[in-house]
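Thanks for coming. I'll go through one structure today, starting with a term and then moving to the sheet and its salt bridges.

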Amino acid sequence: TLFRSGDVVHILESCEDWYRGYLTKQRVQEGIFPKSFVHIKEVTAEKKRKTDNLIPTEIPLVQEVTSTLREWGSIWKQLFMTNKTEKFKQVRSMMYDLMEWRAQLLSGALPKDEMKELRQ
């Protein structure tokens, strides 16, 4: 199983340029993946019975943008598969803008006026 942008992985081990771990939503399947594919996030772990519940400590707006990008990614793929070129390009452009805003949010470099625009 491949993971997509925004998926949460649990890292079990690190070796040079690689991680070994699993998707948190599919714990039974482990794999290895390049470190360059992963953005490390701070999380809080809550233990409930025998499982750990990982709660991201990132800004709620970043979580919302990530969720939106996942949804748009599915739409974008569908537009590509159905050969709707013009709409595909429009969604791609909007996704690029949103990814840039997300990167700026994560780095703390997003200007206040753009932050207002993003929240709307």
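When I say buried, I mean under 20% relative accessible area, exposed is over 50%, and partly exposed is in between, with a 1.4 Å probe and protein chains only. This is a predicted model, where local features need pLDDT of at least 70, side-chain atom pairs count only at pLDDT 80 or more, and totals for chains, interfaces and linings use all residues. Residues are numbered from 1 along each chain as its sequence is written, and side-chain values use heavy atoms, with hydrogens and water left out.

The sheet, then. Three strands make an open, antiparallel sheet in the order β1-β2-β3. Its edge strands, each pairing on one side only, are β1 (9-15) and β3 (30-34). Strands here are DSSP runs of E, at least two residues, numbered from the N terminus, and two of them pair if DSSP finds at least two bridges between them. Six bridges join β1 to β2, residues 18-23, in the antiparallel sense. Val9, for one, has Leu23 in β2 as its bridge partner.

Now the charges. A salt bridge is a side-chain nitrogen of Lys or Arg within 4 Å of a carboxyl oxygen of Asp or Glu. How many salt bridges does this rule give? Two. Arg20 bonds to Glu13 in one of them, with the closest N and O atoms 2.9 Å apart. Arg20 also meets Glu30, at 2.4 Å, N to O. As for accessibility, Arg20 is partly exposed at 30%, Glu13 is partly exposed at 41%, and Glu30 is partly exposed at 46%.

Technical notes. Helices (H or I, at least four residues) and strands (E, at least two) are DSSP runs, numbered from the N terminus.
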